[in-house]
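Please read it alongside the model.

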Amino acid sequence: MTQKNRLQNGGRIDRSQSLTFSYNGKEYQGFKGDTLASAMLANGIDLVGRSFKYSRPRGIVAAGAEEPNAVLQLGATEATQVPNVRATQQELFNGLVSASTNGWPSVETDIMGMVGKLGGNLMPPGFYYKTFMFPQSLWENYETMIRKAAGLGRSPKKNDPDSYDHINHHCDVLIVGAGPAGLAAALTAARSGARVMIADEQNEFGGCLLSTKETLDGKPAAEWVASVVAELSAFENVILLPRSTVNGYHDHNFVTIHERCTDHLADIAPALQARQRMHKVRAKWVVLATGAHDRPLVYGNNDVPGCMVASAVSTYINRYGVVPGNELVLMTTNDYGYQAALDWHEAGRRVAAIVDTRTAANGSRAQAARAKGINIILGSAVIEVQGGKRVTGVSIAPISQDGNKVTGAIKALSADTVASTGGWSPVIHLSCHTGSRPIWNDEIVGFLPGKTLQKQLTAGGINGQYELAAALSEGFAAGQKALSELGLPAVELVLPKAKVAVQDAPMSLFHIPHIKPTSQAPKQFVDYQNDVTAAGIELACREGFESIEHVKRYTAMGFGTDQGKLGNINGMAVAAKILNKTIPETGTTIFRPNYTPITFGAVAGRHRGELFDPKRYSAMHQWHIKRGAKFEDVGQWKRPWYFPQGAESMQDALNRECLAVRNSVGILDASTLGKIDIQGKDAREFLGRVYTNAWAKLAVGKCRYGLMCGEDGMVFDDGVTACLGDQHFLMTTTTGGAARVLEWLEIYHQTEWPELEVYFNTVTDHWSTLTVTGPNSRKLLSELVDYDITNENFPYMDWKQITVAGVPARVFRISFTGELSFEINVQANYGMHVWEKLFEVGAKYSLTPYGTETMHILRAEKGFIIAGQDTDGSVHPHDLGMSWCVAAKKPFSFIGKRGMARQDCMREDRKQLVGLKTKDPKQVIPEGAQGVFDRTAQIPMPMVGHVTSSYWSENLGHSIAMGFVKGGLSKMGESVFYPLADGSVIEAEICSPIFLDPKGERQNV
Amino acid sequence: MQHYSGFGLLKHSFSHHENWQRTWRNPTPKKKYDVIIIGGGGHGLATAYYLAKEHGITNVAVIEKGYLGGGNTARNTTIVRSNYLWDEAAHLYEHAMKLWEGLSQDLNYNVMFSQRGVLNLGHTLQDMRDIERRVNANRLNGIDGEVLDPQQIKEIVPHMDCSQNTRYPVMGASWQPRGGVARHDAVAWGFARGADSYGVDLIQQTEVTDLIIEDGTITGVKTNRYGDIMADRVGSVVAGNSSVIAKMAGFELPLESHPLQALVSEPIKPILDTVVMSNHVHGYVSQSDKGDLVIGAGIDGYNGYGQRGSYQTIEHTVQAIVELFPIFSRVRMNRQWGGIVDTCPDACPIISKTPVKNLFFNCGWGTGGFKATPGSGNVFAASLAKGEMHPMAEPFSMFRFHNGALIDEHGAAGVAH
Amino acid sequence: MYHIYCPHCAEYREEEEFHAAGQAHLPRPLDPDSCTDEEWGTYLFFRKNPRGIHHELWVHAAGCRKFFNMTRDTQTYEIKEVYKIGEKPSIVAES
């Protein structure tokens, strides 16, 4: 229960709140304010995982988003598992359960580690492209092994109990990063009254100031942070978002922020709280104040636990009161690195040496180290470290000033910790998301944000400004710049005074030379997570992978969950060196969203399950449910599919429903059909242009069926349109096609024929449509109307404005069943009333509700098509045998006319829609069956068309089908064969698709 | 060409892997070639490989403006299947499938073609009719496939929600066992190495800035780095940039270039053994050998050459994946990116002669290009070699958009167009 | 996600309310029946598809339902201008 590396004092942890957590089944203590990583280090946990290729032991390297190794499995229950959580970013909570992800049987004694040691040399980059090919049949076995070895954590296997929110924002200035620059920018903008948002990935604001001993105005920097946060919190025009990672920067200043609302409390969100929230922000200006990451150096065995980046050492000491070892060797190329040794020394532990690769170091920090008596070794480097599961010592040697070779004798030092820094890498990731390419800067030895089209400003470390004073003034300047761009008044801001350090120039060095060539030296890791070494990169280059993109892809560098935050620039430097190019010549590195990984659930938000897509119901939906309807999804609509009674099978239900309609009366809820109200003096002309048939003479009070084609002549929708007045029509469309048809009408009106005076409006939801159909439909309806609905007074294809069940109704005498039919349209909120009234009086006629399936059967008996089922975007009206519906002589060349006259559309052997009668009347051809003329043909068999609609017709006592057959319209009476998956073949005769009442007498009575 | 094998790895390990040969040369182009291929992606490199291997035409240059395989080859979700609806497309993709099946051995380069099966889910009655129709067509065309019910699907993908509780319950699926995934980069590199070994010059970082056309016949190309390079025949295989090359030749194509986005999760242990595609809820997912869930999004509706798309497209796709696999809700999305897909009005490619003599185009693969790579290269190579279109390429002429003989494969892709 | 100014609503709205509807300024031939197959096919399918400045049709589908034109850079995704149907763009590509 000892936290052996915990300092007695200091840090931003709350020592009064002790928290228990477990790692690999063992319990440990930490404090509130710890990250999982700092708590692990406090407890002296060196080993956090095994590397995925060589299974080498790995420890914590960094303290933030750039950590490549400490990637753990979290979760106390199956449902709350989270794979690949970076321990450096996970706040500690009481009861946290964590485990390492690789290593078998355990991370401590890992058998794969042996394999890695023995076989490591057999696994250079790309080895898998060169082997596992023979024999071909064994690849799947090889692959199973590879897959098992790869992957980090695991997915939960139970559904997520948590919920996730989305929230939209518009703001004037979004500041990314709440370090010194970000806070200064935010305060500036806020004081002017701008709507400000400021987001930071950490649990508290302050950025690097949380981890430093620097002072502002002579006081600890954290005091300034606290005062700024207090002032910002008091503004109503400011939203502060801690624990919120700006993960993506998209075009037109659209930014997504991933807020972890409860991950610091428990692994399941408290009741009624969302676990995480995505903020979707449209910002007028974005200030990137994202700081910089410390870049480690690449040296032999630099992955042995105890090797860390220098700034992380300072962070653990200053922020968490944890010294991650006893004896430090610091290797640096720059002045900033000295800080880690100074902090270590101050924490009371031994600094074995500062190894500076430069030949001189006279900056303020170097002087401070010297003053404290720390051993500084100049012009040298740590060329390799010793140790297995923890560093035990280092080899130090002088190196040439071009950084390419070891120039003198090796000196051994004992140490358990090696901190290294090759300088800062500005965190430019977000600036790259919209396609801007970063630019190399020799002075800061790093990439800076490139030119951008976004309304983006940058301040502080991201610009290579690493001194506190500079960061503050850049933040202030960015705030002022945003204000002036927004036309808001400038503000006064007295920046706190920071000490200015005297700096020596850094050395441009990435890859530490070894006495052996890189290929033979101890492994020098560039990308820890993907086990990419300097030797691997050199090999890739030697093999011809010279573009940095090739290098990355061949070696997998930068493809880990850390996305190469620590390794990419080092990798480019290694490649540049062997290719004898500069880093910018080698290429740049492009970052894409996400900055750090975000939870799928958070991206999805509430749009899952019931809310995945809206459900649309008709006004009679509850009735259908009560009546036990089975539903079918049609577009977003839930339509009754059929209404089984008792234990009835589907086919029995359909048979009953079909017979009821033909013999008495049935009712269909047709409310879902699209309805478009069309008005204007040119409405009639417009209809004539968009439908294939004639509309000029349709009288008021009449209805007509219309076919709609694209300009290619292919049918895409159909429906009945009624003439409500000389300049007023009501168009119906298919259920799924309503929105598309409306847009189709609009685009032609607005772009092609704006001179036509016509207006369209969707009225689908305004009306309930109740189709009463069957020989008894008139008798039934006449009991509820105030009007003479005899055939003489209300003939077929007429519509009337009458009263049904006391409600004003438009009744259409149109028929999709071939029976005497009335389509009753009433205002939607009267739908249920009329429906129930119909059933009240309909009982004596055994009024039978039927669903879409019976509708399909009944219309197929009549040979009516369903657009989308009997058409597929590749058939024109003539293919459908519907030439009668094409008025070729209309004066205006209607949409589709020219298209259907193209050469290929005129072929006589096109696939044409015909009826199909099976030789065995009991056999129903499966829909989708493909027909052939020659049943004995070898595969590939020449296919002649597929079955689009096929049913058992209880009315007719035999099966019926429609389908396409090559040249079918001129092959009446001939046979088509349908070879099925089970080996059987169904023979069918080509016939008219009108199986029932070809003269149409039943509907016209 | 240096032969790759496990034994070779062992041998080279003794010399610390210092003696591996270059995978391909880095040549300076000649003044004139028999054939120039513009575009060093998978299709262009495959074309070069088959030109050399099957037609003995080795005086060939592939001119690539960036790095080999850096366009859509590097950006796709690596799905391979051949269960297309129409005969013309089915034959072409099945031709590719057969080549995939021996490709690693043929190239002596492991492209990690993994035939773990592809499921295309149906969520509505019409989906199921379409699935039946397609599977029946596949069967009669000699392509493997069957229709599965939810219970059978559950056995293959135990972690998918096949219940009735979802907004659009899974009603069934088509299943092509021979479908699967491959390692996309390796495909480009394997073809490049193969082509190079026959003497094909792979010219990287070189952009074709114009075409040299005399009297309606192409005679060469202008480049930004090497000036004019002459050729008897030129094949353009530049996917999303096809319209740009066509403009140089003075004609337009029936193409629109759209962003197509994809994303991956962090790597996780094996949880999904097949490819799952859903046209209806707009998403598809597989798991790479590295452990990432590889997820394809829908295309963005606007034209775009920016290799990135809009966020809401990603959002909708992730919603679909979480709807299909609620257990992935706590898994995290690592990275997203975009490619430029050249979409054709009928969702089928163009492999065609053009109004310019000796200039051939291979483009319009839209969202379906990767799976066709070997087949596309194979038939295009034959066409370039003979100067006449390969019979399998014949139906894919750009002139079908004049006479109306389209091959409408909408709905054959995993996502709606 | 684009931020689009609808010239009819005179407001900036999110891309989710809109969708693109293809190349702008593609008038339907006045006399389709006199077009050859090639001419008709060209009208139907063949497009400029430029890399760079592009004039395209958009519709404010979940808003005013009106169509308008947009000049946009297909490489940088910069929206240069929006203008109503029947109007001409003020920014065009250098040919």
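Does Tyr129(A) count as buried or exposed? Tyr129(A) counts as buried, because its relative accessibility is 0%, under the 20% cut-off. The model is predicted. Over all chains it holds 58 aromatic pairs.

**Aromatic pair between chains**
- Tyr129(A) and Tyr109(B) form a stacked pair, with 5.5 Å centre to centre and 10° between the planes.
- The pair joins two chains, because Tyr129(A) lies in helix α3 (residues 127–130) of chain A and Tyr109(B) in the loop between α4 (103–107) and β4 (118–122) of chain B.
- Tyr109(B) also counts as buried, at 1% relative accessibility.
- Ring pairs link Tyr129(A) and Tyr109(B) into a cluster with other residues, including Phe127(A), Phe132(A), Trp20(B) and Trp189(B).

**Aromatic pair in chain B**
- The ring centres of Tyr49(B) and Tyr50(B) are 5.1 Å apart and the planes stand at 70°, so this pair is edge-to-face.
- Tyr49(B) and Tyr50(B) are both buried.

**Charges over rings**
- Lys130(A) has its charged end over the ring of Tyr4(B), 5.3 Å from the ring centre.
- Tyr4(B) is itself one of the members of the ring cluster.
- Arg689(A) lies over the face of Trp753(A), 4.9 Å from the ring centre.

**Arg178(B)**
- Arg178(B) is in the loop between β6 (172–176) and β7 (180–181) of chain B.
- Arg178(B) is buried, because its relative accessible area is 19%.
- Not counting residues up to four places away in sequence, Arg178(B) touches several residues, among them Glu94(B), Glu101(B), Phe113(B) and Asp144(B).

Conventions:
Residues are numbered from 1 along each chain as its sequence is written. Chains are lettered from A and ligands numbered from 1 in the order in which they are written. This is a predicted model: local features need pLDDT of at least 70, side-chain atom pairs count only at pLDDT 80 or more; totals for chains, interfaces and linings use all residues. Side-chain values use heavy atoms; hydrogens and water are left out. Helices (H or I, at least four residues) and strands (E, at least two) are DSSP runs, numbered from the N terminus. Buried means under 20% relative accessible area, exposed over 50%, partly exposed in between (1.4 Å probe, protein chains only). Contact means heavy atoms within 4.5 Å. Rings of Phe, Tyr and Trp (its six-membered ring) pair if their centres lie within 6.5 Å; planes under 30 degrees apart count as stacked, over 60 as edge-to-face and the rest as tilted. A charge sits over a ring if NZ of Lys or CZ of Arg is within 6 Å of the ring centre and within 35 degrees of the ring normal.
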